[in-house]
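Here are some friendly notes to read alongside the model.

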Amino acid sequence: MSKRAQILEAGIRLFVERGLQGTSMSLLAKEANVATGSVYNYFESKEQLINEIFLYVKQKEADFLLENHKPDSSYEEAIKALLRAGIRFMLDNCLYFRFSHLYGFSSAIEDQTREKLHIVFEPFIKLYQDAKAAGVLKNIRIPDVNIQIYGGFSYFIHWQFVNHNTVDEQLIEEMIEFAWDAIKSPTNTL
């Protein structure tokens with residue numbers, strides 16, 4: 001793992017466990033097993049670091065979603081596969097999920113950083129747009145619909161973690177069907 005990746009991964013752990021204010025750059029360097037100067041070689045400030053971590057985590061999520069993307073399937077199957085992969089990413093990458101949950105809407109994340117997410121998630125936004133244009137989805141705003149679904153999944157999974165509940169495959173499929181029923185066009189018979 002590169003030094004930069006070590007710093008990013010250590011930052012994720014510390015920001016989740018100790019918060020933004022409780023994480024100093026020197027503690028981060030110690031956790032990443034690098035010199036404090038190395039942290040500053042990659043990141044000018046804690047603010048830049050947390051924004052880079054946010055993009056790093058979201059890129060990891062997008063890469064995972066792309067691995068499970070089924071563009072040659074029907075819109076319904078492609079969207080359900082995307083939803084399933086999103087849930088699986090949250091469950092299998094607890095620290096990344098917790099970081100996103102804690103900092104996704106934090107004022108520490110700059111607008112320019114958020115704008116970069118449109119590029120990262122473009123294939124999935126396009127899937128929703130194409131499905132909407134084909135009449136498969138309700139007349140809903142894209143990408144707002146994905147944020148609404150993701151937010152619901154995120155909150156629900158966080159609640160499951162906090163209460164030490166198991167999220168099994170049946171529950172995952174119920175969540176996907178619930179989301180699909182909420183967005184599909186009432187005239188969709190595909």
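1. Let us begin with a word you will need. A pocket is an open set of grid points with protein on both sides within 12 Å along at least five of seven lines, and its lining residues have an atom within 4 Å of a point. Please also keep in mind that this is a predicted model.

2. Now try the term out on the second largest pocket. Its lining is made by 13 residues, and Ile149, Gly152, Phe153, Phe178 and Ala179 are those nearest the centre. The space in this second largest pocket comes to about 190 Å³. Helices α9 and α10 (169-183) each give at least two residues to the lining. By type, the lining has ten nonpolar residues, two polar and one charged.

3. Next, the overall picture. The chain has ten helices and zero strands. The C-alpha trace spans about 60 × 35 × 30 Å along its principal axes.

4. How do α9 and α10 lie against each other? Their axes come within 11 Å and cross at roughly 150°. Angles over 145 degrees count as roughly antiparallel, so α9 and α10 are roughly antiparallel to each other. Their crossing is right-handed. On the α9 side, look for Val145, Ile149, Phe153, Phe156, Ile157 and Gln160, which meet Leu171, Met175, Ile176, Ala179 and Ile183 of α10. The residues of this contact divide into ten nonpolar, one polar and no charged.

5. Now turn to the largest pocket, with a volume of about 760 Å³. It is lined by 29 residues, and nearest its centre lie Lys58, Leu117, Asn146, Ile147 and Tyr150. Which helix gives the most to this lining? The answer is α9, with seven residues. At least two residues each come from α4 (46-67), α5 (75-92), α6, α7 (111-120), α8 (122-133) and α9 (144-162). Sorted by type, the lining holds 16 nonpolar, eight polar and five charged residues.

6. Two of those helices, α5 and α6, also pack against each other, at an angle of about 105° and with axes 5 Å apart. Since 65 to 115 degrees counts as roughly perpendicular, α5 and α6 are therefore roughly perpendicular to each other. Phe89, Met90, Leu91 and Asp92 of α5 make the contact with Cys94, Tyr96 and Phe97 of α6. Six of the contact residues are nonpolar, none is polar and one is charged.

7. Finally, follow α6 to its contact with α1. Helix α1 (residues 3-18) and helix α6 (residues 94-103) pack at about 60°, and their axes are 9 Å apart. That angle makes α1 oblique to α6, and the crossing of the pair is left-handed. From α1, Glu9, Ile12, Arg13, Phe15 and Val16 meet Leu95, Tyr96, Arg98, Phe99, Leu102 and Tyr103 in α6. Eight residues of this contact are nonpolar, none is polar and three are charged. Notice Tyr96, which takes part in the contact with α1 and in the contact with α5.

Terms used
Residues are numbered from 1 along each chain as its sequence is written. This is a predicted model: local features need pLDDT of at least 70, side-chain atom pairs count only at pLDDT 80 or more; totals for chains, interfaces and linings use all residues. Side-chain values use heavy atoms; hydrogens and water are left out. Axes are lines fitted to C-alpha atoms, for helices over the stretch in contact, and angles run from 0 to 180 degrees between N-to-C directions. Helices (H or I, at least four residues) and strands (E, at least two) are DSSP runs, numbered from the N terminus. Angles under 35 degrees count as roughly parallel, over 145 as roughly antiparallel, 65 to 115 as roughly perpendicular and the rest as oblique. A crossing is left-handed if the near helix is turned anticlockwise from the far one by less than a right angle, and right-handed if clockwise. Contact means heavy atoms within 4.5 Å. Ala, Val, Leu, Ile, Met, Phe, Trp, Tyr, Cys and Pro count as nonpolar, Asp, Glu, Lys and Arg as charged, and the others, Gly among them, as polar. On a 1 Å grid over the protein atoms alone, a cavity is a set of points where a 1.4 Å probe fits but cannot get out, and a pocket is an open set with protein on both sides within 12 Å along at least five of seven lines; lining residues have an atom within 4 Å of a point. Grid points are joined across faces, edges and corners, and a volume is the space filled by probe spheres set on the points.
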